[in-house]
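User: I'd like to learn how to read a few features of a model. Can we start with helix packing?

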Amino acid sequence: MTTCEQCKAHSSDVPVYLKLAAVTMIWGGTFVAGRFLADTLSPLLAASLRFLLASVALLLFLLMARVPLTRPSPRQWLQLALLGFFGIFFYNLCFFYGLHYINASRASLIVALNPAVIGLASWLLFKERLSRAKVVGIAICIAGTSLVIVSRTPHLLVGNAEAWIGDLLIFGCVLGWGVYSLFSRELNQSLGPVQTVTWSILLGTLMLWATTAIRGELSLNALASLGPQQWLSLLYLGVLGSALAYIGYYDGIRKIGATRSGVFIALNPLTAVILGALLLDEQLTPAMYLGGGLILAGIFLCNKPLASVAKKRILYRRRTN
């Protein structure tokens, strides 16, 4: 394989990297928006509203694009229900309830474990090869993320007496997202990212609203008391942080795999720090620069072994032609 062919194979994945970077940067702001809503809405109602808006946005997107909803097979219904439960229902209950006990920085530190959990589960369940570069890259990402967050909020590890509850709930987010990322492979190939995300969000939204109704947490007074900032937070969470971001993330998994896509989640806290500096005039410290550099280096290492993969693809095409 020539150097030119390697470059072409590598460059074909660059749009995927850019999309995943944009998705995880959007997700970096969801912790702030979620923490803002945690003091004004019950966790269950906040999650239900978030995904009601996400469902509406997705259906409007399909309508405008003139893409009909595909009717899943019985097996696909079960798989979609699994994704809807863990990726939407379970994840968001853990997310909003967890933010009642701990702050956004502490929560994002725990969520930084996502790449390691996804990588380990891929290796255990699907025998996905974890090269030394991927393992080192994941470790460097976690180290860089920890450095960014701790340097930004030095006292975040000192929680209140009930902080362990929040930690446990946010770790539930990590487990829920791992299931959502790993068990979407077959559906991504058969239904495609848009159909998979739409159906899983619709099913997860039904689960949330049914639980909200059963628990008697539907409150028109709570909705009437919401101000413009709360509605903007919900729109950000629902439309950007759910509908559009989920499609982009699933498309990344379909193209480069769960482990290499999951490592981009390390950009979440880095994005929050950068936005704080740009929008809130927060000062960047040398430790933050170092942590950001480690995160980027880790992502590079996890996605570096593309030349060998590209070589196998090209050799396979030559043999079949």
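User: How do α4 and α11 pack, at what angle and how far apart are their axes?

Analyst: Two packed helices are described by the angle between their axes and the distance between the axes. Axes are lines fitted to C-alpha atoms, for helices over the stretch in contact, with angles from 0 to 180 degrees between N-to-C directions. Helices are DSSP runs (H or I, at least four residues), numbered from the N terminus. Here α4 (residues 43–64) and α11 (residues 193–214) meet at about 145°, axes 9 Å apart. This is a predicted model: local features need pLDDT of at least 70, side-chain atom pairs count only at pLDDT 80 or more, and totals for chains, interfaces and linings use all residues. Residues are numbered from 1 along each chain as its sequence is written, and side-chain values use heavy atoms, leaving out hydrogens and water.

User: Is asparagine 92 buried or exposed?

Analyst: Buried means under 20% relative accessible area, exposed over 50%, partly exposed in between (1.4 Å probe, protein chains only). Asparagine 92 has 0%, so it is buried. Its place is in helix α5 (residues 74–98).

User: Which side chain makes a polar contact with the side chain of asparagine 92?

Analyst: A polar contact is a pair of N or O atoms within 3.5 Å; within protein, one must be able to donate a hydrogen and the other to accept it, and residues adjacent in sequence count only if both atoms are side-chain atoms. The partner is the arginine 50 side chain, at 2.9 Å.

Technical notes:
Helices (H or I, at least four residues) and strands (E, at least two) are DSSP runs, numbered from the N terminus.
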